[in-house]
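Please keep the sequence and the structure at hand while reading.

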Amino acid sequence: MSVAEAEAAELSLEDQSGLWRDAFERLRRNPGAIAGALIIVAFAAVAVFAPALAPHGPNQQVGRLAAVPPGPSAEFPLGLDQQGRDVLSRIIFGARLSLLVGVVSAGVGLTIGMVLGSVAGYFGRWVDTAVMRTMDLMLAVPQFLLALAIVTALGPGLVQIMVAVGIANVPQFARLLRGSILAQREADYVLAARSLGAPGRRLLLAHILPNSIAPVIVQGTLAMATAIIDVAGLSFLGLGPADPRLTEWGKMVAENAGRLESAPHLVLFPGFAIVISVLGLNLIGDGLREALDPKLKS
Amino acid sequence: MFKYIVRRLLLTIPILIGLSFLVFVFVRTLPGGPGIALLGERATEESREAIERELGLDKPLVSQYTTYLGNLVRGDLGSSIVTRRPVMDELLERFPATVELGFAAMLFAVAVGVPLGYVAAKRYQGFLDNASLFGSLIGISFPIFFLALILKYVFAVKLGWLPSIGRMTVTRSLEHPTNFYVIDALVAGDVAALTDVLKHLILPAIALGTIPLAIIARITRAATLDVLSEDYVRTARAKGLDPGIVDRRHVLRNALLPVVTVIGLQTGLLLTGAVLTETVFAWNGVGSWMVNAINARDFAVIQGGIVFFAFIVVVTNLIVDISYAFLNPRIRYS
């Protein structure tokens, strides 16, 4: 082995204990995070393979119309609704919408927030002031209320609530990223890259952003959890998807809230579907936060 | 200290002006403009123009905004298009119900959350610690309306222990000088009414207080853990102080500092939660009022409600900052 090869081997050995590898190691030892990961993998699998997994179509009438629909039975494990549709199948198909809502809402918030936050943090001065003061204003309005206001303006509907919840998420991400970038901007490796003549855009995209991203990922997971809850809440208030063929968990709970006494299965099962999927995201988010927190590293 | 309060007060003014501007712009971006929003899509051209003239919408934007801001400063939020009454009057009528509910919820959250978090930290990584951490995660994973429905189902419908809707049994008569029913009952010296009102408060307060409880428990735990590893705690123990005294005077007192902030910061969450909780429990407060307004597309009420909620949040943040400066000298002098 030549000296160069030996040095390369040594370097790759050092690479092994990076932030992400350490984080992954810690995540693997955290039973909560494992449980969360399992829940989310199952949740995503159900959403993706819904047509194969569901015994019936979400809007297929498999039983009789009934004012008081039958509860769980051997044939229909989660019972039927008043239109004779299979609740289990509806919940399985509902997973698609919840997953979509979580990903899109958090994605909208993260993307816009990241752009605003990094621009503010990187350019500083008046850009920073203008962006961050606007974010402060948005933060003064409680998040769910902000989303509520935006949906009221846009009108009810699936796309509208996803956009609304996403926009309501923007200030958090913007603040987080700005703070993280401010901390990184003065770091030695950024100074080194700058003195080597790296242009501003490259500094931001190749050096600062990748190193500021850890807290954003944690926040992203937790934002997905909140998004699912908020969308269900908006749906509960009657602002959700207007199309009756779309099955959404929050809407299922809302439509049957008055039947809690006569047919509790119509409310409890979709409700617990929300709780379990949100719990999964919260468990992972928490695990990630602990795993990525450098303070806990030692 | 005085300088700090003044500076903090002055900082609030641009925030409030900015907020009013945001809401002003928001209403102007409504589909079809405020005229259509007020009258509905089937309004005739003439009636739309008439109402826009009446609202001053034909004037230049700058003068519209200054008029709007002037009204806002005088506490004029416009009139509801459904009831034709001033939005401020309706708001003040219903606000006590929401405050009462929010206060009860916070009381529940603090009374359970602080001891829970503290004990969890003292038993760090023990069974109780893990159980309370997991429990609080479950707590924040519950959509508030679902929790409210379950509580209502179990304790009101199935067990029949507590009433399921409203603030008081409908047939009961009670004078309402303050609209805070608990205070009204106390003022009247009516024990039966007080019991009735408190019974109606329990379920909504638990539903609304559960998420703040989970957050407060986690913060208390984290803060206590921080303080427990401080040098002054070790010193206090090393010099042979009674462990109970160390816990009370050194640990708890310092650990509660961040908790105070968090309690203040829950106001937004409480107001938001009130929208959903009040809907489930038919609670006649600001939250259910807003939901009705949304369904009726009563934009004056929605707009007024949002400005008001934001105002409350800004003011509580101000109070939290100032009280924090009282509690923590390090902030006062920075």
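B:N179 is found in the loop between helix 7 (144-158) and helix 8 (181-188) of chain B; helices (H or I, at least four residues) and strands (E, at least two) are DSSP runs, numbered from the N terminus. The model is predicted: local features need pLDDT of at least 70 and side-chain atom pairs count only at pLDDT 80 or more, while totals for chains, interfaces and linings use all residues. Residues are numbered from 1 along each chain as its sequence is written, and chains are lettered from A and ligands numbered from 1 in the order in which they are written.

**Loop residues with positive phi**
- Most residues other than glycine have a negative phi.
- B:N179 is not a glycine, yet its phi is positive, at about 70 degrees.
- B:N179 counts as partly exposed because it has 17 C-beta neighbours inside 10 Å; a residue is buried if 20 or more other C-beta atoms lie within 10 Å of its own, exposed if 12 or fewer, and partly exposed in between, with C-beta atoms placed from the backbone.
- B:R84, also not a glycine, has a positive phi of about 65 degrees.
- The loop that holds B:R84 runs between helix 4 (61-73) and helix 5 (87-122) of chain B.
- B:R84 has 7 C-beta neighbours inside 10 Å and therefore counts as exposed.

**Chain B overall**
- Chain B has 15 helices and 0 strands.
- The C-alpha trace of chain B spans about 85 × 55 × 40 Å along its principal axes.
- Of the 334 residues in chain B, 37% are buried.

**Domains of chain B**
- Chain B is assigned domain 1 (2-73) and domain 2 (91-327), with bounds from an automatic or database domain assignment.
- The centres of the two domains, taken over C-alpha atoms, are 33 Å apart.
- Domain 1 of chain B puts 15 residues into the contact and domain 2 puts in 12 residues; two residues are in contact if their C-beta atoms, placed from the backbone, lie within 7 Å.
- Helix 1 of chain B supplies the largest share of the domain 1 side, 10 residues.

**Contact between chains A and B**
- In this contact, 32 residues of chain A meet 34 residues of chain B.
- Helix 12 of chain A gives the most to the chain A side, with 9 residues.
- The chain A side divides into 22 nonpolar, 6 polar and 4 charged residues; Ala, Val, Leu, Ile, Met, Phe, Trp, Tyr, Cys and Pro count as nonpolar, Asp, Glu, Lys and Arg as charged, and the others, Gly among them, as polar.
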